[in-house]
Amino acid sequence: MSKKAFVTGGGTGIGKQIALTLLQNGYDVAVSYYCSDGSIQELTEIGKQSGRKAVGIRADISKVS
């Protein structure tokens, strides 16, 4: 069974580093982000290179709709 994680605010800063660490430790990662498209593309590429899957979900989770 593969390990999976969901990181909120994973486009920059601490969230991005957490997502990178999870990828490096064998996790498939889903990342929510608000405006860091370039960072998500980078995470996706790093995931591919490490044989893991990284998916970006653009969302503003600070607001309830």
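Predicted model: local features only at pLDDT ≥ 70, side-chain atom pairs only at ≥ 80, totals over all residues.

Colleague: How many salt bridges does the count come to by the rule?

Modeller: A salt bridge is defined as a side-chain nitrogen of Lys or Arg within 4 Å of a carboxyl oxygen of Asp or Glu. By this rule the count is three. Residues are numbered from 1 along each chain as its sequence is written, and side-chain values use heavy atoms, with hydrogens and water left out.

Colleague: Which residue forms a salt bridge with K4, and how far apart are the closest N and O atoms?

Modeller: The partner of K4 is D28, with the closest N and O atoms 3.5 Å apart. The pair links distant parts of the chain, since K4 belongs to strand β1 (residues 3–7) and D28 to strand β2, 24 residues apart. Helices (H or I, at least four residues) and strands (E, at least two) are DSSP runs, numbered from the N terminus.

Colleague: Is D28 buried or exposed?

Modeller: The terms rest on relative accessible area: buried is under 20%, exposed is over 50%, and partly exposed lies in between, with a 1.4 Å probe and protein chains only. D28 is buried because its value is 15%, whereas K4, at 59%, is exposed.

Colleague: With which residue does the side chain of D28 meet in a salt bridge at 3.1 Å?

Modeller: That residue is R52, the distance being taken from N to O. This pair also links distant parts of the chain: D28 is in strand β2 and R52 in the loop between α2 and β3, 24 residues apart. R52 has a relative accessible area of 24% and is therefore partly exposed. Through shared partners, salt bridges join K4, D28 and R52 into one network.

Colleague: Which elements hold the salt-bridged pair K16 and E42?

Modeller: The side chains of K16 and E42 meet at 2.8 Å, N to O. K16 lies in helix α1 (residues 13–24) and E42 in helix α2 (residues 37–49), 26 residues apart. K16 counts as buried because its relative accessibility is 13%; at 36%, E42 counts as partly exposed.

Colleague: What span should α2 have, and why?

Modeller: The expected span of a helix is 1.5 Å times one less than its number of residues. The 13 residues of α2 should therefore span 18 Å, and the end C-alpha atoms are 19 Å apart, which agrees. α2 is followed by G51, whose phi is positive, near 75 degrees.

Colleague: Which residues of α2 are buried?

Modeller: S39, I40, L43 and G47 are buried there. They cover an arc of only 100 degrees around the axis, so they lie on the same side of α2; the arc is that of the directions from the helix axis to the C-beta atoms. On the other side of α2, the exposed residues are Q41, K48 and Q49. Packing is read through contact, meaning heavy atoms within 4.5 Å. The buried residues of α2 pack against α1, β2 and β3.

Colleague: Where is S32 placed?

Modeller: S32 is in strand β2 (residues 27–33). Its relative accessible area is 3%, so S32 is buried. Leaving aside neighbours within four places in sequence, S32 is in contact with F6, V7, T8, G9, G10, G11, I57 and I61.

Colleague: Which residues make the nonpolar surface patch?

Modeller: Patches are made of residues with over 30% relative accessible area and no salt bridge; like charges are joined within 9 Å, and nonpolar side chains (Val, Leu, Ile, Met, Phe, Trp, Tyr) within 5 Å. Accessible areas come from the Shrake-Rupley method with a 1.4 Å probe, and for residues only the protein chains shown count as cover. Here F6, V55 and I57 make a patch of about 260 Å². V55 is found in strand β3 and, at 37% relative accessible area, is partly exposed.

Colleague: How far apart in space are S62 and Y33?

Modeller: Separation in sequence and in space are read side by side. S62 and Y33 are 29 residues apart in sequence and 11 Å apart, C-alpha to C-alpha. S62 is in the segment after β3.
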